[in-house]
Amino acid sequence: MGEQGYLSYKIENGEVTITKCDKSASGELVIPDTIEGNPVTRIGSYAFRECTSLTSITIGNGVTSIGTGAFWKCTSLASVMVGKGVTRINHGAFKECSSLVIIIFKGNAPEIKRYWSGPDGFPPEPAEYPGAFSDVYATAYYPAGNSTWTKDVMQDITWAPYERHEGYLFEIKNGKVTIIKRDKSASGELVIPDAIEGYPVTSIGDYAFSGCISLTSITISDGVTSIGERAFIGCTSLTSITIPNSVTRINDGAFKECRSLTSITFKGNAPEIRHRGRYLPGNHIVLDCVGAFADVTATAYYPADNDTWTKFHKSEWRYGGSIKWVPYERHTD
């Protein structure tokens, strides 16, 4: 047995099993590929149970098995990246992760265990247990064209295929592109493309750029209409962003924790700020409202001649953070 950071582990036959995570762990957590020079291959049963401050988990490509109830009741966990090596996910692995909105699988479809027969024949017959994503309202993405992803695997939640292009994972639906994830190696100034593989980019998905800590400037192409929940959360080097007149909706927390952000330029109408209802067991809904720019102190510029920018639309409840609103004039020849 040993400890590394928040994680406790055991080593057997040269392979590491994560057995427990300290409940004080918070924010993003990347499960390491190796510990003490040995590959991390398993996440043990209930290892992360009730780690309620974790928001994002990245599971390395060497992990093959995720144990029963491994992330049960991680109620702040919103995004999960599952490595290529995972071949089995046991029942209830993500049960009651009520904030979970996006799961990305990098490889083949794993076996998702639904039945269990205990030691000494107890229970006498195999018993059906909750699915891996029981009480979760999320979308899970899998590699397009991978034939291992069948209907038998894709149960409990919404499933959609993704494509890859120059550092982006994206979904094509009805001839339009939603960016699902951007490689975290992105740095400096970034212009989100107008189109990918000939299809127009219209949406930036939930958590798509989360943790891209080396980005300093973002220009969103004219054609994007929606910016997802926590799309840019934790982009701590981001200093400026330009939002085109095509954007009509920004979801809650889109730029949360972008603490270097000082300049926001809106080129069009005031967008709708959409707040998310989080489902709890029993179908109860809790409205999470932090504002699009929570934890941000910045100046936001908007067109002076645009009457959609009312006091209501610039309210702290909608945008959060500490935002100074400044109108600008547009020069036309």
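The model is a prediction, in which local features require a pLDDT of at least 70 and side-chain atom pairs count only at pLDDT 80 or more, whereas totals for chains, interfaces and linings use all residues. Residues are numbered from 1 along each chain as its sequence is written, and side-chain values use heavy atoms, with hydrogens and water left out.

The protein chain contains one helix and 31 strands, taken as DSSP runs numbered from the N terminus (H or I with at least four residues for helices, E with at least two for strands). Of its 333 residues, 51% count as buried, where buried denotes under 20% relative accessible area, exposed over 50% and partly exposed the range in between (1.4 Å probe, protein chains only). Among contacts with a separation of 6 or more, 52% join residues 24 or more positions apart, a contact being heavy atoms within 4.5 Å. The chain exposes about 15,500 Å², of which carbon and sulfur atoms supply 46%, with areas from the Shrake-Rupley method with a 1.4 Å probe and, for residues, only the protein chains shown counted as cover.

The pLDDT, the predictor's confidence in each residue on a scale from 0 to 100, averages 88 over the protein chain, and 89% of the residues score at least 70. Over residues 116-126 the pLDDT is below 50, and this stretch has eleven contacts beyond near neighbours in sequence. Residues 283-287 likewise stay under 50, with 13 contacts beyond four places in sequence. Where pLDDT is low, the predicted coordinates should not be read in detail.

Pockets were located on a 1 Å grid over the protein atoms alone, a pocket being an open set of points where a 1.4 Å probe fits, with protein on both sides within 12 Å along at least five of seven lines, and lining residues having an atom within 4 Å of a point. Grid points are joined across faces, edges and corners, and the volume is the space filled by probe spheres set on the points. The largest pocket holds about 780 Å³. Its lining comprises 30 residues, with Thr139, Tyr141, Gly205, Asp206 and Arg249 nearest the centre. Strand 18 (176-182) is among the strands that supply at least two residues of this lining, and its four residues form the largest share. By class, the lining divides into ten nonpolar, eleven polar and nine charged residues (Ala, Val, Leu, Ile, Met, Phe, Trp, Tyr, Cys and Pro count as nonpolar, Asp, Glu, Lys and Arg as charged, and the others, Gly among them, as polar).

The second largest pocket has a volume of about 460 Å³. Its lining consists of 26 residues, of which Met81, Lys106, Lys181, Arg182 and Asp183 are closest to the centre. Strand 7 (54-59), strand 17 and strand 18 are among the contributors of at least two residues, and strand 7 gives the largest share, four residues. Eleven nonpolar, seven polar and eight charged residues make up this lining.

Asn13, in the loop between strand 2 (7-12) and strand 3 (15-21), has a positive phi near 55 degrees and is exposed, with a relative accessible area of 82%. Tyr46, in the loop between strand 6 (38-43) and strand 7, has a positive phi near 60 degrees and is partly exposed at 38%. Thr202, by contrast, lies in strand 21 and is buried at 14% relative accessibility; beyond residues up to four places away in sequence, Thr202 touches Lys176, Val177, Gly223, Val224, Thr225 and Ser226.
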